[in-house]
Amino acid sequence: MKRRVVLVDDHELFRAGVRGELGDSLEIVGEAGTVAEAIALIRELDPEVVLLDVHLADGGGEGVIAGVAPERPGVKFLALSVSDAAEDVISVIRAGARGYVTKTISSEELADAIERVAEGDAVFSPRLAGFVLDAFAAGERVGGDAELDVLTSREREVLQLIARGYRYKEIAARLHLSVKTVEAHVSSVLRKLQLSSRHELTRWAHERRLV
Amino acid sequence: MNQMSALLFERSEHDRVVAGVCGGLAARLGVDATLIRLVFALLALAGGAGILLYFALWAYGEGWRTWAAAALIAAAGAILLLALGLSTTAVVGATLLVAGFATVVIRGGSLRPGGSLPILGVTLLLAGAVIFLGTNGKSGPFIVPGAVVGALVLVIGPWIWQLTSERTERIRIQERAEVAARIHDSVLQTLALVQRHASDPQRVASLARRQERELRRWLYGSGVAEVALLVDALTDAAVDVEELHGVRVEVASAGDAALDDAVGQLVLAAREAMTNAAKFSGADEVFVYAESGQDLIAVFVRDAGVGFDRPAVPQDRHGIAESIEGRMKRAGGTATIVTAPGQGTEVELRLPR
């Protein structure tokens, strides 16, 4: 049974490219180019995974997630973009995307990432791992929900290795862990990123914009 | 933006006593600010007209609607004329004259042949002139200078109007030219190269990636051509290596650092490590990760390729010994190379801040 995927990207050319590359390994059930289109389409088709561009003409990818997630909690989102703007990527992840990959990713890796997201894993590209480390590093903690607001040293270690280009399997071998444990650490980081109400993230985003 | 630059004057940021209106005017007219302040002070004695005028110009400089500023100016003028002893009727006439002229100017009417005159403006002008001239007897001395000033304003007004709109247009054309030049230097050149190398997918891919990064930095980044930050410099190096050796170089980062001499050396060392990975590892992907903290910058360059037996590499192999380790040492940092045959290679560069 092939994974049912919806493509959301405002560039038709890019959608055509992805369809051409991935058409065999999964089933692309629909495509949308705007936030409004995407919300209607996803509600109608109820796909397993939505491949979601961070930037859309009428808003960010987080608008799509916000419009769909309450009604279709089972739909998983994988963000993808060419943009380097850390705060944009982080805000899509915080909105609920299960991972982020860059558009330059090879088709096998993309297919693999979609599969992992569909199974409930988090997919962190090296770039996202860097952004997340950066976001959590900014600002010292005072009060608040300490457990959600800081990364454990193990989580930090795992993220750093992802940023350095290590695959989960290699990280597991290096840290003497099982691959499942590595995945659990990444999911835990994702959960913290999404649930933490820390104001530092906002402040961090502001600081980045000002730099 | 264009609207701002089309203002006849802007309040002065540095030459200011109250709000910088006089300073701004002085700068615009090229006279001493003290002189302008003196004029305003004198006008202020004339029934407070100077104060009102000051507020009007301040409002104009703040980008208020032109008609609001014009109304304030008109009120100031009226007070002034009253203070000079004109009859109320004459003041009403003069005010109508000014209002009519302002309407003509604001609505973009041209007094040149063929130009369209707004009916409202002309009506106000005529009514003003009739009332003003009707009070001839009481305000005789003002008729002649008033007529001269009126004529001057009618002649010069449209011309000033035209000048400002031309300036706005010129700025727009300039901006367009800049964008066009940028697109030409980058995108069009790249497209030309892509056509020439259409049969070489790897080259096309690396050209596209390079262009994408450049354009993105221009659009979302500082917009400045010179690279001043570590991550930008590393990305540039990565793109060069991609282009020269046809491998993908993925750059990730947490934090960023200003590019000083030592950091520049760090970038060069990282570039050398990328080149080595691209040339010798056999891997088709190289990962670069830069972490900039309070007291340490660390850059990791990694490939999952063949690796090598470090002790077996001759000491005189320039690349690693000199370009990476020697360079880092001179910059006050360290380089560590972790590798083994079949294990890939990771070069770790550290630079204390």
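Which elements of chain A and chain B do the buried residues of α8(A) pack against?

Reply: Happy to. Please keep in mind that this is a predicted model.

Let's begin with the helix itself. Helix α8 of chain A covers residues 153-163, and its buried residues are V158(A), L159(A), Q160(A), L161(A), I162(A) and A163(A). Within chain A, these buried residues pack against β8 (123-124), α6 (126-137), α9 (168-175) and α10 (179-195). Their surroundings also include two strands of chain B, namely β1 (248-254) and β2 (285-292). Just after α8(A) comes G165(A), with a positive phi of about 100°.

The axes of α6(A) and α8(A) come within 7 Å, crossing at roughly 140°. The two helices are therefore oblique to each other, and the crossing in which α6(A) passes α8(A) is left-handed. On the α6(A) side, the contact is made by P126(A), A129(A), G130(A), V132(A) and L133(A). From α8(A) come R156(A), L159(A), Q160(A), I162(A) and A163(A). By class, the residues of this contact are seven nonpolar, two polar and one charged. Some of the α8(A) residues in the contact are also on the buried list, including L159(A), Q160(A), I162(A) and A163(A).

The contact between the chains takes 15 residues from chain A and 13 residues from chain B. On the side of chain A, the largest share, seven residues, comes from α6(A). That side has seven nonpolar, four polar and four charged residues.

Next, the nonpolar cores. The largest has 103 residues, and those touching the most other members are L51(A), L78(A), A79(A), L234(B), A270(B), M274(B) and V288(B). Helix α11 of chain B, residues 261-280, gives this core its largest share, nine residues. A second, separate core has 22 residues, among them Y54(B), L72(B), A76(B) and L96(B). Back in chain A, L51(A) touches V5(A), L7(A), V8(A), V18(A), L78(A), L80(A) and I114(A), leaving out residues up to four places away in sequence.

Among contacts in chain B with a separation of 6 or more, 62% are between residues 24 or more positions apart.

D46(A) has a positive phi of about 50° although it is not a glycine, and D46(A) sits in the loop between α2 (35-45) and β3 (49-53). D46(A) counts as partly exposed because it has 14 C-beta neighbours inside 10 Å. H176(A), also not a glycine, has a positive phi near 55°. Its place is the loop between α9 and α10 of chain A, two helices that the buried residues of α8(A) pack against. H176(A) has 7 C-beta neighbours inside 10 Å and therefore counts as exposed.

Note on methods. Residues numbered from 1 in each chain as written. Chains lettered and ligands numbered in written order. Predicted model: local features only at pLDDT ≥ 70, side-chain atom pairs only at ≥ 80, totals over all residues. Contact = placed C-beta atoms within 7 Å. Buried ≥ 20, exposed ≤ 12 C-beta atoms within 10 Å, placed from the backbone. Helix = DSSP H or I, 4+ residues; strand = E, 2+ residues; numbered from the N terminus. Axes fitted to C-alpha atoms, helices over the stretch in contact; angles between N-to-C directions. Parallel < 35°, antiparallel > 145°, perpendicular 65-115°, else oblique. Left-handed = near helix turned anticlockwise from the far one by under 90°. Nonpolar A, V, L, I, M, F, W, Y, C, P; charged D, E, K, R; others polar. Core = buried A, V, L, I, M, F, W, Y, C linked by C-beta atoms within 7 Å.
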